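Please look over the sequence and the structure shown below before reading on. The report that follows starts from a single residue and then widens to the whole chain.

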Amino acid sequence: MESRTKSSDIAARAEELMFRITVPSALFHDGKLNTRTPITGEVIARVKTQDSDALDVAIGEAHAAFREWRNIPAPRRGELVRLFGEELRAAKNELAELITIEAGKIVSEARGEVQEMIDICDYAVGLSRQLFGLTIATERPGHRMMETWHPLGVVGIITSFNFPVAVWAWNAAVALVCGDALVWKPSEKTPLTALATHALFERALARFGEAPKGLSALVIGGRELGEKLVDDHRVALVSATGSTAMGRAVGPRLAQRFARSILELGGNNAAIVCPSAPLDLSVRAIAFAAMGTAGQRCTTLRRLIVHESVYDQLIGRLSLAYASAPVGDPREGKTLIGPLIDGDSYRAMRHALDEAASIGGKIYGGQRLFAQERPDAYYARPALVELAEPSPVSRRETFAPILYAMKYHDLGEALHMQNDVSHGLASSIFTTDLREAERFLSAEGSDCGIANVNIGPSGAEIGGAFGGEKETGGGREAGSDSWKAYMRRATNTINYSSALPLAQGVVFDV
Ligand code: UN1
């Protein structure tokens with residue numbers, strides 16, 4: 001770790017990147033919101049925030065824009081998303097570098113985040129010609145029955161710091177081809193990347209030329225803005241990514257006014273390692289899933305359930321990987337683990353490790369690093385914790401790089417341990433035994449929205465539906481048929497005869 005990097009260097013670099021992406025500097029100078037880089041912990045920008053009147057205007061404009069946008073043919077709407085994908089391709093490295101500066105991701109993961117945005121654009125462009133409904137057999141002669149999918153309305157998108165821009169893109173690209181308008185409230189920790197992404201979207205809008213004004217809005221501010229977005233009756237759907245506590249606040253408010261929700265909340269993801277697991281592959285997969293993104297993905301591997309016959313061997317290899325994985329400045333090529341987002345994150349990690357130690361957990365790693373050189377930044381060696389059995393600390397999600405390892409004796413017990421938490425996002429099994437793999441994927445196996453074999457639980461691609469069960473919130477985003485949540489379904493029955501037969505044989509002759 002070199003100590004000479006000054007925050008001002010990073011601030012200047014962020015400014016240069018924002019300039020290249022053509023974000024007006026008035027948006028991030030002299031505003032009320034101090035933006036920090038987790039690389040040094042110092043302030044790099046002062047971002048302008050919006051108040052609730054501005055949000056009110058944005059929702060009003062989005063609602064008016066929706067009424068026009070819904071009438072533009074879906075493949076034409078896809079053209080706007082195609083142009084946005086081009087802008088992202090052209091600015092991939094600049095946007096990725098901003099993600100590194102603002103969220104602390106290593107270079108390849110930051111570029112991966114932008115790639116995920118490009119991928120969802122490509123997907124949505126194809127989808128724009130495939131928003132199809134069914135034709136259904138009717139019991140009445142001379143009739144036809146079908147489903148039509150219509151645009152839904154204004155979609156509110158609330159995103160978190162850890163995927164500061166990709167999560168917006170998963171929602172936005174699909175919602176736009178579905179004919180919806182957008183209002184985005186990003187995390188207060190990552191407004192610069194949000195401004196940059198929206199500027200790129202505005203470039204696509206300008207090239208497209210015919211989109212209604214206000215089709216997509218970005219509003220930056222605190223919790224009160226999120227609450228207003230959630231409570232506004234003009235917002236048909238809110239897609240919210242964040243903590244389970246946030247989801248618990250948002251979900252009932254939306255239900256109160258019968259609005260739709262897509263909730264993408266926490267995870268307490270586990271992997272089961274069986275006797276026949278390919279060990280080299282398993283160690284690599286576990287290392288990425290548990291330590292990658294400094295343990296700050298909702299899909300991060302947090303619990304390892306290992307068969308007693310391979311436990312010592314696996315823990316031996318993992319403890320070496322944990323001791324040697326390079327932690328450091330995420331801009332440096334050799335770094336695999338960047339900083340935690342802030343001091344609160346580190347304190348939550350420390351608190352969990354102290355609790356694990358108090359119940360006899362054996363801890364490798366977890367120390368704070370570079371506190372001398374970078375006192376306002378929070379770098380930590382990832383922690384591997386051996387526990388004799390599941391405990392409250394391993395049953396709750398701590399958004400930090402901690403992996404709890406436990407032994408199992410038979411697969412039924414391992415499956416029980418895997419499912420015995422309040423979240424249900426992602427899960428994995430490492431085995432070459434077909435029966436074990438199939439049981440894990442069966443109805444009595446993993447209860448998660450994502451269940452993988454011989455790969456880790458994180459790093460999903462966009463073609464599948466992404467989301468999870470229980471306290472993860474139940475929402476699904478990205479691929480498969482997730483688009484249906486962004487549209488409303490009408491069932492249509494058409495009578496092309498001159499008779500009027502009633503369903504169920506009802507007779508009603510007047
Ligand atoms: C998140 O952590 O909020 O599957 C999303 C993954 C990524 C998305 C994670 N594609 O890890």
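## A residue in a loop

Alanine 485 sits in the loop that joins strand 22 (477-478) to strand 23 (487-495), where helices (H or I, at least four residues) and strands (E, at least two) are DSSP runs, numbered from the N terminus. Residues are numbered from 1 along each chain as its sequence is written. This is a predicted model, in which local features need pLDDT of at least 70 and side-chain atom pairs count only at pLDDT 80 or more, while totals for chains, interfaces and linings use all residues.

Alanine 485 counts as buried because it has 22 C-beta neighbours inside 10 Å; a residue is buried if 20 or more other C-beta atoms lie within 10 Å of its own, exposed if 12 or fewer, and partly exposed in between, with C-beta atoms placed from the backbone. Leaving aside neighbours within four places in sequence, alanine 485 is in contact with Leu237, Arg260, Ile262 and Arg476, a contact being two residues whose C-beta atoms, placed from the backbone, lie within 7 Å.

## Other residues

Phenylalanine 201 belongs to helix 7 (residues 191-208) and touches Phe84 and Ser216, not counting residues up to four places away in sequence. Threonine 293 lies in the loop between helix 10 (279-291) and strand 11 (301-307), and has a positive phi of about 55° although it is not a glycine. Lysine 470, in strand 21 (residues 469-470), also has a positive phi of about 55° without being a glycine.

| Residue | Other C-beta atoms within 10 Å | Class |
|---|---|---|
| Phenylalanine 201 | 26 C-beta atoms | buried |
| Lysine 470 | 19 C-beta atoms | partly exposed |

The chain is divided into domain 1 (50-265 + 473-489) and domain 2 (269-461), with bounds that come from an automatic or database domain assignment. The C-alpha centres of domain 1 and domain 2 lie 31 Å apart, and 11 residues of domain 1 are in contact with 14 residues of domain 2. On the side of domain 1 that touches domain 2, helix 4 (92-103) and helix 5 (107-127) each supply at least two residues.

## The whole chain

The chain holds 15 helices and 23 strands. Its radius of gyration is 24 Å, close to the 24 Å that the globule rule gives for 510 residues, so the chain is as compact as a globular protein of that length; the radius is taken over C-alpha atoms, and the rule is 2.2 Å times the number of residues to the power 0.38. Along its principal axes the C-alpha trace spans about 80 × 60 × 35 Å, and 51% of the 510 residues count as buried.

As for confidence, the mean pLDDT of the chain is 97, and 99% of its residues reach 70 or more, pLDDT being the predictor's confidence in each residue, from 0 to 100. The model scores ipTM 0.97 and pTM 0.97.
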